[in-house]
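Please look through the structure below before reading on.

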Amino acid sequence: MNADLTGKKAVITGSTAGVGFDIARTLALAGAAVVINGRRPAAVEAAVARLAAVAPGVSVQGVACDVGTAEGCARLLAEHPEADIFINNIGIYESRDFLDVQDEEWSRYFEVNVMSAVRLSRAYLPAMLKKYFGRIIFISSEWALNIPADMIPYGLSKAAVFHLAQSLSKRTSCTGVTANAVLLGPIRPTGEDSRGADGEACLTMEETLSAFSSEHHALASGFPHVATTDEVADTVLYLASAQASATTGALLHLDGAVGVARLRTN
Ligand SMILES: NC(=O)c1ccc[n+]([C@@H]2O[C@H](COP(=O)([O-])OP(=O)(O)OC[C@H]3O[C@@H](n4cnc5c(N)ncnc54)[C@H](OP(=O)(O)O)[C@@H]3O)[C@@H](O)[C@H]2O)c1
């Protein structure tokens, strides 16, 4: 598939590192002008420079702000009031017992993981509707469907995110705008040494167990395959492309065998 995003502008939250950075790089290499985001100005500046070096000739800009606040979203929107492609990638997660999480932390999970998605998609949607083109993509998690006992705030907030994608797809039906969610299982950074001959990142059971703490996440013992950040980025590229005009309201699972494990346990 040749996904050409020339002439499109993509805003990716939480994108100076990790999954967000690889999404930004992949969209930039497909020709999109990209806007990188993170809270730390130095990290944003460094990420913009890295990206500009790998995607010369493409517009790469950055905004340092906390999109987990209304003020931070307003700051991003003041600099970039319109986008053709909005990737709500930001997500905070932590292993904590339900009994230890107080109201303030619950609010923070919902402000960062949910309200950033609500505020920014609500702001970007009107211009997308006018142009009869828009792509809103939410990065959710497999843990939203099968919430680990020690990640309840995370799982609930990520469930809200995929429900937002599905409900927005109804709101935008037949408008040229699509809204989708990608549900990630554990992800590991792309790296030459993490790739098998056929490009897959296959972990040994020992690697999987030590990386993803099977003590806390019993389902981790069912992962024969863990996706790389590149694979996530390529999935997002498909959803962002013109070719994906009929894919809306979808939950795309990049979860190796987690879904299989979920079927087994439900
Ligand atoms: N990694 C996984 O295995 C995995 C699995 C399932 C789902 N996911 C989901 O995938 C998404 C990306 O995960 P990741 O592991 O790549 O994330 P990550 O490494 O924690 O993301 C870090 C990026 O987010 C920025 N950031 C953090 N808080 C921010 C805020 N409030 N406002 C703006 N930027 C902020 C960081 O910059 P600053 O520190 O400078 O702010 C940095 O650019 C998340 O939604 C996560 O829930 C990840």
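A residue is called buried when its relative accessible area is under 20%, exposed when it is over 50%, and partly exposed in between, using a 1.4 Å probe and protein chains only. This is a predicted model, in which local features need pLDDT of at least 70 and side-chain atom pairs count only at pLDDT 80 or more, while totals for chains, interfaces and linings use all residues. Residues are numbered from 1 along each chain as its sequence is written, and side-chain values use heavy atoms, with hydrogens and water left out.

**Helix H7**

- Helices (H or I, at least four residues) and strands (E, at least two) are DSSP runs, numbered from the N terminus.
- The buried residues of H7 are Thr229, Val232, Ala233, Thr235, Val236, Leu237, Leu239 and Ala240.
- Helix H7 covers residues 229-240, and its 12 residues should span 16 Å at 1.5 Å a residue; the expected span is 1.5 Å times one less than the number of residues.

**Surroundings of the ligand**

- There are 28 residues around the ligand, and Thr16, Arg39, Asn89, Tyr93 and Tyr154 come nearest; a residue is near a molecule if one of its heavy atoms lies within 4 Å of it.
- This shell divides into 11 nonpolar, 12 polar and 5 charged residues. Here Ala, Val, Leu, Ile, Met, Phe, Trp, Tyr, Cys and Pro count as nonpolar, Asp, Glu, Lys and Arg as charged, and the others, Gly among them, as polar.

**Polar contacts and cover of the ligand**

- A polar contact is a pair of N or O atoms within 3.5 Å.
- In the side chain of arginine 39, an N or O atom is 2.6 Å from an oxygen atom of the ligand.
- In the side chain of aspartate 66, an N or O atom is 2.7 Å from a nitrogen atom of the ligand.
- A polar backbone atom of glycine 91 is 3.5 Å from an oxygen atom of the ligand.
- On its own the ligand has 890 Å² of accessible area, of which the protein covers 85%; such areas come from the Shrake-Rupley method with a 1.4 Å probe.
- Helix H1 (18-29), strand E2 (33-38), strand E5 (134-141) and helix H5 (152-171) are the elements that give two or more residues to the shell.
- E5 gives the most, with 3 residues.

**Two loop residues with positive phi**

- Tyrosine 132 lies in the loop between helix H4 (103-131) and E5.
- Phi of tyrosine 132 is near 60 degrees, a positive value in a residue other than glycine.
- Tyrosine 132 is exposed, at 53% relative accessible area.
- Cysteine 174 sits in the loop between H5 and strand E6 (177-184).
- Phi of cysteine 174 is also near 60 degrees.
- Cysteine 174 counts as exposed, at 71% relative accessibility.

Notes
Polar contact = N/O pair within 3.5 Å; in protein donor to acceptor, adjacent residues only side chain to side chain.
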